[in-house]
Amino acid sequence: MHMPYDKSATPRRGALLEMRGVTKQFGTFTALKSVNFTLEKGEVVAIIGPSGSGKSTLLRCINMLELIDAGIVTFKGAPLGSEMRGSRCIRLPKKELDRQRRHFGMVFQGFHLFPHYSVLENVLAGPRIVGKKSRADVIERGKYLLSRVGLGERMNHYPAQLSGGQKQRVAIARAMAMDPEVMLFDEPTSALDPELVKEVLDVMKELAVSGTTMVVVTHEMEFARKVATRVVLMDSGEIVDQGPPSYIFGGGGTARCKRFLSSVGA
Amino acid sequence: MKFEVRKDMQHDAASFAGPRRLGSNKSNSAPMLDRRIHPRRKKSDWIWYGLLAVAIVLFVQLVVENPRWQWDVVAHYLFNKRVIAGLENTVLLTVLASALGLCFGVVVAACRMSDNAILRTGGYIYVWVIRATPTLVMLLFLFFLSALVPRLYLPLPFVHANLFDIQTNTVISRFSAAVLGLALYLGGYSAEIFRGGIGAVEKGQREACKAIGMSDFQMMWHVIMPQAVRIILPPLANELITMFKNTSLVTVIGYVELLTSVQLIYSTNFETIPLLTVACIWYLFLTSIAMLGQTLLERHFGKGVRP
């Protein structure tokens, strides 16, 4: 499948991440239909929408856990994931993709902590293995990050000894340890017991307030309303509406947006 | 059978019974109630105890009291020089064939999981052929390789020279054919065990590795392999212990290991049963060591699974 790339659409100045005409297919199913998405530095974007609408796929295409089939993604103006060779767009080698992924930190619905590492070793895994730094150089920062998510006391525990909320907070610290420029959250509270959701959202709120650029796929409408600077509504692989929370939740959205919000009771 | 009650349960039981009935207050006229739940004895248990007694009697009759077992002959040959030499050959063959075989296994497993279709097909064909060939046939084929390929050589392209050129029979001895044959066999089977173990590690682990920017090698080495080892160990231990016994197959190409050495002895003195017992005792000993190693390794790699 070939998507013509509109060369006149040069990235806006200041845009951290720019996606143009991004298309992703799984077999015959088109998960993303020529999506355009821009992210400015310091923004907290909440992506909402019904399940199967392509929210997670969009997020996973940003850090190339899914490789897009067509379209252009740039990060600070430089192409991400592929390069132009004459008139053709060629995928970058694996090694380069691994390097580019370091711009992004990601937090998963299922935590995916490393079970054979202690909490502290989980946080240090990125700097030590990928950053090739010595343990002594990174241990203080690891401890600081764990104290920031409120788990300084638990650093020698193993993931299996933690609650879901604690696991997710370790996962946030692990992602932050690589000093990513953008934090991606893929339904970070969907697998948690109701009483544990708040502790994770509080940590995310604190990150947002301290100026971290974040993209959050979420079903937590309260979070989208109160913490996000922009809300994006997706449906059937397309962005159907977006704007500041006051617009989306203040009754300014499109009919599709209002229908979705009433279906989730927001 | 004694039923231990956990501390916290004892507390619950005590509060349930009420403070007046606590054990310290023995002068109380009310009989102290035992609130613990005891396991129910099954009548069928007695059948199993009875069968156990019968089994013990039969074992003693068959093994200990049976004069035909000739334990004195067993004891005499247990540390016999020829037996020990055979044992050494068995251990040497097992260690070398296992080491080489595991290397083959890693390479073949890597091929089977490769992105490259040629490597993937190559790995598949290797496993297919190894599974289809009886180990015995493999050993004979290798030993008589010179009948099929008299010279081993690798010609260099464009120049009239060979990288190497040797007579097959200078490379293939009884020993090298035995090591290579057993290693090829283990390579095919362990490759499937490796592949299965690696595939069984949760997919999210790979994504977590990729999300923090790990390369494929870093992901495999630091995250996937340590977790896969736990899954791989039991079936792999099975294969390696099988290797002890598979070494006895090399008797067909005339290499003298443990079983062959006792066979050579009983072919002259006809003490068949005692000498086979000697071999079994040594196989039991080797297997015990291997299983002890397996237990220790499983404990080491179980870290974080059973906190």
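Figure 1. Over all chains, a search of the whole structure finds 26 salt bridges, a salt bridge being a side-chain nitrogen of Lys or Arg within 4 Å of a carboxyl oxygen of Asp or Glu. This is a predicted model, in which local features need pLDDT of at least 70 and side-chain atom pairs count only at pLDDT 80 or more, while totals for chains, interfaces and linings use all residues; side-chain values use heavy atoms, with hydrogens and water left out. Residues are numbered from 1 along each chain as its sequence is written, and chains are lettered from A and ligands numbered from 1 in the order in which they are written. One of the salt bridges joins the side chains of A:Asp202 and A:Lys198 (2.8 Å, N to O). Because these two residues, A:Asp202 and A:Lys198, are four residues apart in helix α6 (residues 194-209) of chain A, about one helical turn separates them. Helices (H or I, at least four residues) and strands (E, at least two) are DSSP runs, numbered from the N terminus.

**Figure 2. The four-stranded open sheet of chain A.** The strands follow the order β2-β1-β4-β5 in chain A, and their pairing is antiparallel; two strands pair if DSSP finds at least two bridges between them. The edges are held by β2 (29-40) and β5 (78-79) of chain A, each with a single partner strand, so one side of each has no neighbour in the sheet. Strand β1 (residues 15-26) and strand β4 (residues 70-75) of chain A run antiparallel and are joined by five bridges. Opposite A:Arg20 stands A:Ile72 in β4(A). Helix α1 (residues 55-62) of chain A lies across β1 and β2 of chain A, at about 120° to β1(A). Axes are lines fitted to C-alpha atoms, for helices over the stretch in contact, and angles run from 0 to 180 degrees between N-to-C directions.

**Figure 3. The hairpin of β6 and β7 in chain A.** Four bridges link strand β6 (residues 82-85) to strand β7 (residues 88-91) of chain A, and the two run antiparallel. A:Arg85 is placed opposite A:Arg88 in β7(A). Two residues lie between the strands of the hairpin, and A:Gly86 in the turn has a positive phi of about 65°.

**Figure 4. The six-stranded open sheet of chain A.** The order in chain A is β8-β9-β10-β3-β11-β12, with mixed pairing. At the edges stand β8 (104-107) and β12 (238-243) of chain A; each has a single partner strand, so one side of each is without a neighbour in the sheet. On average, neighbouring strands of this sheet are turned by 20° against each other, direction ignored. Strand β11 (residues 230-235) of chain A runs antiparallel to β12(A), with five bridges between them. The bridge partner of A:Val231 in β12(A) is A:Gly243. Helix α9 (residues 255-263) of chain A packs on the sheet, touching β3 (44-48), β11 and β12 of chain A, and its direction makes about 90° with that of β11(A).

**Figure 5. The interface of chain B and chain A.** Contact, meaning heavy atoms within 4.5 Å, involves 22 residues of chain B and 26 residues of chain A. Across this interface of chain B and chain A, four salt bridges are found. In a salt bridge, the side chain of B:Glu207 meets that of A:Arg60 (2.7 Å, N to O). Of the elements of chain B, α10 (203-211) and α11 (216-246) each supply at least two residues of the side that touches chain A. The most comes from α10(B), with seven residues.
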